[in-house]
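Keep the view open and follow along point by point.

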Amino acid sequence: MARNSVITKSLIRTVMLASLVMMALPALSGGDNMDAAQPPAANNQSVNEEAILNGGYVRNLSEFGLFADLTALEPANNVHPYALNAALFSDYAQKKRLIYVPVGSDVGVDDINAVVQLPVGSVLVKTFGYPDAEGVFKSVETRLLLHRPEGWVALPYIWNEDRSDAKLALGGRRMMVDATLPDGSRQQISYAVPNKNQCKGCHSLDNIVTPIGPKLRNLNNGDGPGQIARLQKAGVLPDILPDHPVMPAIDAQAPLADRARAYLDINCSHCHNRKGPASNSGLFLTYQEDNAVALGIGKRPVAAGRGSGGRDFAIAPGHADQSIMLYRMGSIEPGIAMPELGRNVNDEAGLALIGAWIDAMDSSAKPE
C-alpha cells in the first residue's frame with residue numbers, strides 16, 4: 001500500500017520496534033475466532049425469505065428461520081459463518097457472525113475498494129455475547145442487516161433469559177451484563193443495545209445504510225485461500241476477485257503500523273471516510289488512506305473544543321500523550337469519547353496499540 005514520506009519514515013522505525021511492542025502489549029481481542037467460522041452441519045431448516053423481504057418489523061428472531069437451533073446458534077441451511085481479521089471493539093463482547101445470500105443470486109465486488117456488494121434478500125447476522133463463569137457463550141443481542149428492495153434495514157434483537165428466542169428492540173436498551181475480560185477477570189458492564197436510528201448512524205455511507213465489516217481486505221486473513229475459498233464455494237463471494245490489500249489481525253505478527261491502521265479502519269472508518277457521517281472532520285481513517293494529514297498526522301481539528309483536550313493535533317508524531325486521537329479514544333465521557341457509540345469501557349489493548357504506533361513515528365518529520 002502506498003504511503004507518503006511521513007508514514008514511510010515512521011514505518012522504518014515501526015518495523016524495528018514491532019516485535020518488542022508485540023511482547024509489551026496486553027492481549028488484544030484481535031479478529032473474530034476463526035475456529036468459530038467453520039461450515040455448519042447440514043440441516044433441513046430453510047430461511048424465511050418472505051420475512052426478510054417483506055416482513056416489516058418482524059417481532060421474533062426465530063421468524064426469519066436463520067437458525068436451525070436458536071439456543072445453540074446453529075445456522076440454518078445456506079446460512080454461512082464468517083469471521084473478520086480485525087473486529088470492532090464492543091465492550092469486550094464476543095461476536096458470532098453469519099451471512100445469508102439467496103441461492104443463485106449474483107454477488108458483486110467493487111473493483112476500486114474491493115467492497116462486497118450483496119444482492120437483495122441477503123442478511124448479515126451478528127450475535128453479541130459473553131462467556132459465563134464456565135466459559136459457555138451467552139447471547140445478549142443479535143443485530144440483523146436485511147437487504148430489502150428499498151435498501152438495507154438494521155434491526156436489533158435482545159435474547160430472553162433461556163436463550164430460546166430474541167425479541168425486536170427498536171428502541172434499544174441498556175442492561176448490566178457479567179462480562180469475562182481477555183485476562184479472565186469478571187466485570188459488570190453497562191451494556192448498550194443500540195436503537196434502530198443508532199444502527200443507521202454507524203452504517204451510513206452517503207446517507208445510505210450499508211454493511212461495514214465484510215470487505216475483502218477484512219475477510220482474507222492472508223494465510224491462504226481458507227475462508228475466501230469457502231465463501232466462494234458457498235456462492236457468498238464471486239469466483240473472480242479483484243486485487244485488494246489484506247488487513248492483518250490486530251494481534252497478528254505484522255508490522256505495528258499495519259495493525260494500527262487495521263484497528264482504525266474497523267473501529268473508526270465507518271464514520272471517518274470521505275462519504276461517512278464524519279466526513280466534515282477531514283479525518284479519514286480507512287486502511288487504504290495514503291494522505292498523512294487526512295490520516296491525522298500533524299492535522300489540527302476542524303473545530304476545537306473540549307473534545308481536543310487542549311491538544312493541537314489529531315496525531316502528534318512521536319507524542320501519543322499529546323495526540324487528540326488517543327485522548328478521545330481513552331475517554332468514555334459523552335461529547336469526548338470516540339467512537340461515540342458501542343462502548344462504555346475503554347479498550348486498553350487498543351489504546352496501547354495506537355499509542356505505540358504514534359510514539360514510534362518520527363517526531364521531526366513534517367507532513368507534505
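1. Let's begin with contacts along the chain. Of the contacts in the protein with a separation of 6 or more, 59% are between residues 24 or more positions apart. Please keep in mind that this is a predicted model.

2. Next, the overall make-up. The protein has 368 residues, and 52% of them are buried.

3. Now for the interior. In soluble globular proteins, nonpolar side chains tend to be buried together. Here the largest nonpolar core holds 68 residues, and those touching the most other members are Leu 118, Tyr 130, Tyr 191, Ile 354 and Trp 357. Helix α6 gives this core its largest share, eight residues. Another core, of 24 residues, lies apart from it and includes Ala 51, Ala 76, Val 79 and Leu 98.

4. Setting aside neighbours within four places in sequence, Trp 357 is in contact with Leu 256, Ala 257, Ala 260, Arg 261, Leu 264, Leu 295 and Ile 315.

5. Finally, have a look at Ser 269, in the loop between α6 (256-268) and α7 (292-295). Is Ser 269 buried or exposed? Its relative accessible area is 3%, so Ser 269 counts as buried, the cut-off being under 20%. A polar atom of the Ser 269 side chain lies 2.4 Å from the backbone oxygen of Asp 265. Beyond neighbours within four places in sequence, Ser 269 is in contact with Lys 215, Leu 264, Leu 285 and Thr 286.

Terms used. Residues are numbered from 1 along each chain as its sequence is written. This is a predicted model: local features need pLDDT of at least 70, side-chain atom pairs count only at pLDDT 80 or more; totals for chains, interfaces and linings use all residues. Side-chain values use heavy atoms; hydrogens and water are left out. Buried means under 20% relative accessible area, exposed over 50%, partly exposed in between (1.4 Å probe, protein chains only). Contact means heavy atoms within 4.5 Å. Helices (H or I, at least four residues) and strands (E, at least two) are DSSP runs, numbered from the N terminus. A polar contact is a pair of N or O atoms within 3.5 Å; within protein, one must be able to donate a hydrogen and the other to accept it, and residues adjacent in sequence count only if both atoms are side-chain atoms. A nonpolar core is a set of buried Ala, Val, Leu, Ile, Met, Phe, Trp, Tyr and Cys residues joined through side-chain atoms within 4.5 Å.
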